[in-house]
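My notes follow, in the order I looked things up.

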Amino acid sequence: MTDQFAKLLNKDLIERIYDSLFLLVDDEALVTDFIQLYLEDKGFNNIMSLTQSEAAIDTIKNHPVDIVLLDLVMPKVSGFEILTQLRKHSQFQYLPVIVLTSSTDAQTKLRALELGATDFLAKPVDPSELVLRVRNCLTVRAYQIQLTYYDPLTCLPNRQLFIQRLTHIVSNNKSQSLSIFTICLDQHRRVHNTLGPLIADELLSAVAENLAATCQSADITERLGITDLTRMLARTAPDEFSLMLPSCEPDCCAQLAEKINRSLSHKYVVDDHEIFACVSIGIAFYPRDGESPNQLIKSASAASAYARKQGGNLYKFYSADIDTNDKKRLSLDTALRKALENNEFALVYQPKVDPSNGKVIGAEALLRWRRFGLNVSSPEVFISMAEENGLIVPIGEWAFNQACKQLSIWHHQGFSHLSMAVNVSAPQFYEPNFLNNLLKAKQTNNVNLNKITIEITESTLMGDAETLIEKLNVIKDFGVEISIDDFGTGYSSLSYLKRFPIDELKIDRSFIEDLPSSASDLSIVKAIVAMAESLQLRLVAEGVETEDQLNILQSLNCACVQGYYYSKPVSAEDFTRYLIHNQATQTTTREPSAPDARINP
């Protein structure tokens, strides 16, 4: 059994078995002396002995004892009484206790077992049996410790052990400075949602291995004067690691954070998937940023979250301003949870225009959060928050249904050529009822799904290819078209363009905004246009704001544009007026770029 357990154990725990602290309790000093000799001969050298049994409980409370060898029959306080008191303490409930007895009476053994004895040794003690039983008990205890205190995926200490160690350091070194790192893997949740938990776990394991190696690099350990920094490292959340560093100044912390970022932020290949990973690091200091372990961890986590909001692949030191922002964000989260039931969301619509004639050929539905007629928060903030707290699925369903309803109205008003583009987040796309919700929206609103385009980002296509193709084909069978939003900014392999049934690419606005001055952006746009033409994909350029930008896109035969050059996103009522005005201009022979071919209601 010992060998079977040993195969499952963290290497660090196996080594620490021989560092275990023994307490020998027997009123006969000769017995404890012989046992100590036997144990030392096998490599166990951390041993305390007691002949005064009344001191046993206090000794165990004041020392980190790993195993007790206890005589049952002793004056003053018997082994039975010591066992009874030990098992009353939750801290010592599972402490291994090997009972020493010369009794062959079954009742004595049964009583000891009932009180919580782990094993028995007959007196006089046989050295071979002693070592075997001790090793068995310590190996099982080590396995219990691993299950309780170590993360099974990475074999790093878990949150519980990290907090215990941090509490011990803070309690015993109140005058010593201490820094806490929170290291968050930015891509973990997205990979989990798109590629599945197994791929996410493999990515996390690879990152953990790199992180441990970085913490053990010679330049780091020498600078900090710590020989085994991995003992200070832990996995404290599904996508988060924590690191504690005694006596580490801010400059040294900054250098370590930069090294961790460089070491972890690169491409990982997991099961043939190329995944670009990066981390966001938050750093807090004791006692400046918190005097309790809980406050320290909270501060470091807040700094990490702030670094992530700034785009990730950064490190940030905690400050009170971050805490203030987090409180505002918590308040916003609470309000967001009530917004759907309070009917605080609205859609606005931005025209999609054929630049060759200025005709409005479609609209993109965009979500806004309004209260008392005012925008509560920018879409970038509240949509990101909704993705984090899971509300994006019901909000997305509402938006899709509302867009279908409005498109049906416009079709009945005579604008039957009009199409509608609706953004669909990855969580909504992968929601089990997504396909049923498409059909439900069609039936509820009597809308032609052939005029609906769902816009998904490249990262949404990071899931299992065969399953994705099957789902996309079903969507296509419904008549719905599929557009890749923000094309050129994602991490996916371009191979999906030829494998997946895609209809449209949307050139991200970041490649449009610096035209015509940016030669590199112009080259990228030309390459995307050529790619779309060769693959027979429709092309939409978003973020068009100037006539120069429009002229470039027209020269490249881009068939559809949208942006403030034609119109900002507007309400359904204003969009209707825009459609009427635009339809009227189509009866004239004006140039499409003429001022009165555009309107900003």
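Predicted model: local features only at pLDDT ≥ 70, side-chain atom pairs only at ≥ 80, totals over all residues.

I began with contacts (heavy atoms within 4.5 Å). Of those in the protein chain that link residues at least 6 apart in sequence, 68% join residues at least 24 apart.

Residues are numbered from 1 along each chain as its sequence is written, and side-chain values use heavy atoms, with hydrogens and water left out.

Next I checked confidence, as pLDDT (the predictor's confidence in each residue, from 0 to 100). The protein chain averages 86, and 91% of the residues score at least 70. Helix 1 (residues 2-8) has the lowest confidence, a mean of 46, and strand 16 (residues 419-423) the highest, at 96. Over residues 589-597 the pLDDT is below 50, and the model gives that stretch 16 contacts beyond near neighbours in sequence.

Then I looked at the overall build. I find 23 helices and 21 strands in the protein chain, taken as DSSP runs numbered from the N terminus (helices H or I, at least four residues; strands E, at least two). The radius of gyration, over C-alpha atoms, is 33 Å, well over the 25 Å that the globule rule gives for 601 residues, so the chain is more spread out than a compact globule. That rule is 2.2 Å times the number of residues to the power 0.38. The C-alpha trace spans about 115 × 50 × 50 Å along its principal axes.

Strands count as paired if DSSP finds at least two bridges between them. Strand 3 and strand 4 (residues 97-101) pair over four bridges, and Val 68 has Val 97 in strand 4 as its bridge partner.

Where does Asp 71 lie? I found Asp 71 in strand 3 (residues 67-71). UniProt, in an unreviewed entry, lists Asp 71 for "modified residue: 4-aspartylphosphate"; such annotations may be inferred rather than shown by experiment. Buried or exposed? Asp 71 counts as buried, at 4% relative accessibility (buried is under 20% relative accessible area, exposed over 50%, partly exposed in between; 1.4 Å probe, protein chains only). Leaving aside neighbours within four places in sequence, I see Asp 71 in contact with residues including Asp 26, Asp 27 and Lys 123.
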